[in-house]
Amino acid sequence: MKLYEKTGDHKVTGLKDGTCVSKQDVRVHLMGELDELNSHIGLVRSLTQNKALWQELLEIQKILLAIKHGVEEPEGSRVKSVASTQVKDLEAKIGYLERQLPQTEGEILPGGCFYSAQFDIARNVARRCERRFAEVAARYPMDELAAAFLNRLSDYLYIQARFADAAHQGLSLEQQIAIQVENRPAAAPVAVSAAEQKQETPDEPVVEKIPALCKDRVTNRVKKFSARFNNSYGTFYTVCVLNADGELLATNSLARHSVQVHGAMAAAKEALHRCKVQGEKAAGVMKNGAALYENGYLVGAVGIYGGNEKMNNEKAQLAMEMLKGAVQR
């Protein structure tokens with residue numbers, strides 16, 4: 001079977017039942033936008049270290065595919081692509097997530113971290129799908145529950161983006177919420193007598209600054225690592241340093257999409273995943289990578305590619321020691 005059928009050369013495409021329609025048909029636009037949304041959610045799923053979230057996003061992708069197939073059905077059919085339980089399940093997840101996060105005021109600009117930005121892009125595409133779905137529903141019979149699911153999905157993606165922001169820079173969600181709560185102003189001022197005013201008041205507690213890796217410091221230390229261990233007579237070790245969100249901060253390779261870089265990043269991500277699941281007790285060097293901690297906070301990870309696992313682990317240990325203290329001040 002050929003991948004191409006050349007019907008698109010005439011600016012038409014086929015629906016599920018073989019009916020040819022113009023590529024300007026609103027149903028064709030909606031199917032394309034649902035595909036786009038599915039791809040963005042697939043990208044987010046590929047980035048997550050959370051197995052439960054990975055499974056949630058996979059189920060959402062399957063539902064979006066079912067909605068697309070429902071749009072593609074012949075005119076007059078009323079295919080139920082979404083079950084009411086699926087809408088309620090998404091509502092329950094949104095409610096749970098909302099209760100975990102502190103209240104925020106004002107508009108939130110996307111880009112708190114790379115991961116949350118991807119969620120925000122997916123949310124905006126979901127809103128566009130919702131608008132296009134309404135346009136199609138004005139002309140053709142459509143599944144009302146599918147419209148409700150798309151509406152809830154954009155809210156779900158929004159709250160997941162805020163969760164990603166909260167977990168940014170290696171701070172756990174619980175720690176982020178605790179600091180938010182501690183820094184909230186009092187509900188109302190309390191009347192104080194003149195005698196009490198004369199008493200010395202203790203200094204306000206200083207909120208600990210959450211450490212995060214400094215890109216310039218990390219880059220300089222990666223260069224020193226490369227100069228120290230790589231030469232024309234020995235094994236070339238590719239080193240990658242990631243921040244706590246799994247974003248690449250520095251590498252000694254000029255080919256950022258090479259097999260070596262992917263191998264080193266995979267080792268660093270594995271180290272991040274171990275620590276996010278098991279805590280600091282899993283911070284040792286293992287499987288060519290090691291997590292980086294500062295003051296008890298997970299700030300990133302280092303991965304090595306080049307030799308066998310024993311050699312890579314030795315270099316990962318040395319790189320981890322060289323990267324100590326490479327945080328923002």
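A crossing is left-handed if the near helix is turned anticlockwise from the far one by less than a right angle, and right-handed if clockwise. This is a predicted model, where local features need pLDDT of at least 70, side-chain atom pairs count only at pLDDT 80 or more, and totals for chains, interfaces and linings use all residues. Residues are numbered from 1 along each chain as its sequence is written, and side-chain values use heavy atoms, leaving out hydrogens and water.

**View 1. H1 passes H5 in a left-handed crossing.** Helix H1 (residues 26–47) packs on H5 at about 30°, with the axes 14 Å apart. That makes the two roughly parallel (angles under 35 degrees). On the H1 side, Leu 34, Leu 37 and Ile 41 make the contact; H5 brings Leu 150, Leu 153 and Leu 157 (contact means heavy atoms within 4.5 Å).

**View 2. Asp 143 caps the N-terminal end of H5.** Look for its side-chain oxygen, 3.1 Å from the backbone nitrogen of Leu 145. From there H5 runs over residues 144–166, reaching 34 Å from first C-alpha to last, close to the 33 Å expected at 1.5 Å a residue.

**View 3. Asn 312 sits buried in helix H10.** Not counting residues up to four places away in sequence, Asn 312 touches Tyr 237, Asn 288, Ile 304, Tyr 305, Gly 306 and Gly 307.

**View 4. Next along H10 comes Asn 313.** Asn 313 counts as buried too, at 19% relative accessibility. Lys 287 is 26 residues away in sequence, yet the C-alpha atoms are 6.9 Å apart. Beyond four places in sequence, Asn 313 is in contact with Val 285, Met 286, Lys 287, Asn 288 and Gly 289.

Methods: Helix = DSSP H or I, 4+ residues; strand = E, 2+ residues; numbered from the N terminus. Expected span 1.5 Å × (residues − 1). Polar contact = N/O pair within 3.5 Å; in protein donor to acceptor, adjacent residues only side chain to side chain. Buried < 20%, exposed > 50% of the residue type's maximum accessible area, 1.4 Å probe, protein only. Axes fitted to C-alpha atoms, helices over the stretch in contact; angles between N-to-C directions. Parallel < 35°, antiparallel > 145°, perpendicular 65-115°, else oblique.
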